[in-house]
Amino acid sequence: MDGELKRALSPFLRRLRREAAARSGVNGALAVLPLALAGEIVCRALHRPLPVAACALGAWMLTAALLYVLRDRPTQREAARRIDALGLHEAVGTAVEFQGCDSGMCRMQRAQAVEALERTDPRSLPVSQPVRRGAVCLCLLAALCIVSALPQSVWPDAPGDAAQSDAVSLLQARLDALRQTIETAELRAEDRAQLLAQLDAMQAQLDEGQLDVSALPELSRRMDELAGSVDQLTPVDTYAEALIEIELLRSVGEAIAAEDETALAQAFSEMERRLTGLSGTEQINALMDVVYAIGSSMRRPVRDARQDVLAHAFAVLSGELESAVAMVYNRQDNTRKIAGAFDGAQERVHDFFAGKDLEREEAAQEQEETQRRLSHWADKPGENEINHGEVETVYDPPAGGARDGYVPGALDADGQVQRIAAPDGPIEGEVPYGSVYGAYYAAYLQVQDQLPRELQETAAAYLLSLQ
Amino acid sequence: MANEADVRRFSAQCAQIMQQIRRDIVGQEDVVENTVIAMIAGGNVLLEGVPGIGKTRLVRSLARVFSLPFSRIQFTPDLMPADITGTNVLEQDSEGRRAYRFVPGPIFSSIVLADEINRATPKTQSALLEAMQEYAVTVSGENHRLSEPFFVLATQNPVEQEGTYALPEAQLDRFMFKLVMKYPSVEQMKSIVLMTQETMEEVAEPVVDAEGLLAMRATAREIPVMDGIVTYAMRLVAATQPDSQEAGDTAHRYIRLGASPRAGQALITAAKVRALTNGRLNVAYEDIDALAAPVLRHRIKLSYDALAERMTEDEVIAQLLREPGQRSAGKKR
């Protein structure tokens, strides 16, 4: 196009392009918004939320651009026609049509057209604004925003969601009951907090409302596990109750609860007969089942601190059964070992029934023996040298003021965690291994499941060596 | 190829032509303007008006302004074709030898005033056909060219219809315009009387000669016309033809015979001149609208429905211009 003519036309073209862009935008919105609104309603009703707004925005921009390029963009001829309607007597249209003509008359005509354009104010070119259509667009947009903002609960359940809704309601009821249980159960504060945190996570999942039907059984299973954990962390009155909860040790626990030594002997005998009747891998698995069962029973908190004697007795039993496992690997006959383990446990239980604090008696006896040896050694240097490999410098709570029956971390009669104040210096004493082995072993059993496998083996080997 | 000087000269000459003619003709601005347009465009004009309205005076004034030879033919029922074209005369020289010599008739002029053309017989009227179309006459088999520019300005009296012969369509189609001269107003009549009291002769001064007129015609011919305007003009002509696809209700009801393609040629040619006389270097839709009646009114034949409703050609043409279909192609209002 002739440069002068192009320059003279440009302000008019800009005005027309703005009008066309507005028209394209509104028409694009009119094409997209009804579909977006319908789509949003359908998705909400089916409980399948999709990014309808984002898609609508992209579709609107694409549609508007296509409409502008393919239909609404003003051509030179169209612009010339509208400009000529301002009283220019088709001068601009003729100039545009003959822009390629180089004759003298055409050049003069173009110059006349340019002159006419320069005399005309571009703002006098009437442009139409799609007011009514724009208002319709705004109404549709408002409707879309309202529908998008409505909470999901407003929408009725889709036919396929009724069953899911019932299942969710049931799970919610279970969650509420479980929360009640956790809040009222006799738990340590940290245990309660941990359980409630797990419960809150499940509640959050339910509240999102986006669970698939396939996720509900998994959530139910997790609730079952949580309920089991609550039971596990709720203290029992006696160690026998902890035993009774484990199927493998139920008969033993019932005998202890009834203080029936005859029944206990029968239960132990039955276990011994079953274990010694197996061999190889079967025996190993059976022995380890008993070991794990004893370990699980020892994790259950017991209100009565005096019950730790029983726990210790079963800890020793577990340790000896583990030794029997090692004998299987070493191809040794472990029948007597197993028999001795159960006899020893029977004896310890008997002593418990008899009211003896076997561990403290043994510890006191050991300490007395140690003191005697030390005194002897002090009196007679060089003689009866104490084999320091038989004793260990240990953390000795009684030396720090712990009362009788003190077990670090256990609950006392008031349900409080037992602990003592930190001393000014180390609380140390020398205690024979035999006095602490049981406690060591019991502590290992409590945490062995939380240890990595290789550490479990290392700890078991260490304890075996101490024994 | 026209240049700026040609355009400026054209504008100046047009203004002077109008100014000079107004010295002899009072009022009748449209008729004067369209007659000048027709002359510049190279078309012939049929003037219709009651006697004494200035038809002959207009033609004589134009002849003076354009410095063109002028001849007048008074058409009567006994006028013969040879009276128009000329004839061969047998002459004897001093030695007694005899030979035919062609004596040219009054048609051999630049401006021919065919007064009351509808009083002559069709045979006589047809003598003008060849001259108007081909700028030549044939007498005794011999073709005689007419000089350019050549114009026929015919007049006819709408009152005395007895003893007249309506011009055939073929001849009517060769007139670019049919212009109707109306009665002047009181003020105009007053001016006429005062002017003619001084002198009855025309006083217009020459403005342009034959060569100048041809140059003006060439300049006007170069005016560009938008395709949309050409389409608009052709659709308008087609709309007068009842059998055409462009014909609307008006044509179907009021027109028996429509205009020929020559009407489209006349529209565009005259529109170019009109645009240039108005100082524009391009044809506009308003040019077509303004020339529609002069071009079409003598080319269409009204139907009995139109006659029964006392519709005139001008009213039918005005209705055609208002039809919506006319506006769709090439022009949008």
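Predicted model: local features only at pLDDT ≥ 70, side-chain atom pairs only at ≥ 80, totals over all residues.

Colleague: Which residue does the side chain of A:Arg7 meet in a salt bridge?

Modeller: Side chains of opposite charge can pair when their charged atoms come close. The pair in question links distant parts of the chain, with A:Arg7 in helix α1 (residues 3-45) of chain A and its partner in helix α5 (residues 104-119) of chain A, 111 residues apart. With a distance of 2.9 Å, N to O, the partner of A:Arg7 is A:Glu118.

Colleague: What share of the contacts in chain A with a separation of 6 or more comes from residues 24 or more positions apart?

Modeller: One example of residues that are apart in sequence is A:Arg188 and A:Thr234, which are 46 residues apart in sequence and 8.4 Å apart in space, C-alpha to C-alpha. For the contacts in chain A with a separation of 6 or more, the share that comes from residues 24 or more positions apart is 71%.

Colleague: Is A:Arg188 buried, partly exposed or exposed?

Modeller: A:Arg188 lies in the loop between α7 (161-184) and α8 (189-208) of chain A. Buried would require a relative accessible area under 20%, and exposed one over 50%. Because the relative accessible area of A:Arg188 is 31%, this residue is partly exposed.

Colleague: Which residues of chain A are linked in a network of salt bridges?

Modeller: A search of the whole structure finds 38 salt bridges over all chains. In chain A, the residues that are linked in a network of salt bridges are A:Glu19, A:Arg23, A:Arg71, A:Asp72 and A:Arg82.

Colleague: Turning to the other chain, what percentage of the residues in chain B is buried?

Modeller: There are 15 helices and 11 strands in chain B, and the accessible surface of chain B comes to about 15,400 Å², of which 50% belongs to carbon and sulfur atoms. Among contacts in chain B between residues at least 6 apart in sequence, 76% join residues at least 24 apart. Of the 333 residues in chain B, the buried ones make up 55%.

Colleague: Why are B:Glu4 and B:Arg8 separated by about one helical turn, and which of the two counts as exposed?

Modeller: The two side chains meet in a salt bridge of 3.2 Å, N to O, and B:Glu4 and B:Arg8 are separated by about one helical turn because they are four residues apart in helix α1 of chain B. B:Glu4, with a relative accessible area of 47%, is partly exposed. At 53% relative accessibility, the residue that counts as exposed is B:Arg8.

Colleague: In the salt bridge between B:Arg297 and B:Asp314, is B:Arg297 buried or exposed?

Modeller: The side chains of B:Arg297 and B:Asp314 meet at 2.8 Å, N to O. B:Arg297 lies in the loop between α12 and β11 (301-302) of chain B and B:Asp314 in helix α14 (residues 313-322) of chain B, so the pair ties together parts that are 17 residues apart in sequence. B:Asp314 counts as partly exposed at 31% relative accessibility, whereas B:Arg297, with a relative accessible area of 12%, is buried.

Colleague: How much area is buried between chain B and chain A, and which three residues of chain B supply more than any other three?

Modeller: In this interface, 23 residues of chain B are in contact with 14 residues of chain A. The area buried between the two chains is about 1,500 Å², of which carbon and sulfur atoms give 65%. The three residues of chain B that supply more than any other three, with 34% of the area that chain B buries against chain A, are B:Met226, B:Leu281 and B:Asn282.

Colleague: Which element gives the largest share of the side of chain B that touches chain A?

Modeller: Across this interface the rule finds zero salt bridges but eight residue pairs in polar contact. The elements that give two or more residues to the side of chain B that touches chain A are α1 (4-24), α9 (227-239) and α12 (285-296) of chain B. The largest share, three residues, comes from α9(B).

Note on methods:
Residues numbered from 1 in each chain as written. Chains lettered and ligands numbered in written order. Heavy atoms only, no water. Contact = heavy atoms within 4.5 Å. Buried < 20%, exposed > 50% of the residue type's maximum accessible area, 1.4 Å probe, protein only. Buried area = accessible area lost by both parts, 1.4 Å probe. Salt bridge = Lys/Arg side-chain N within 4 Å of Asp/Glu carboxyl O. Polar contact = N/O pair within 3.5 Å; in protein donor to acceptor, adjacent residues only side chain to side chain. Areas by Shrake-Rupley, 256 points an atom, 1.4 Å probe, with all protein chains shown as cover.
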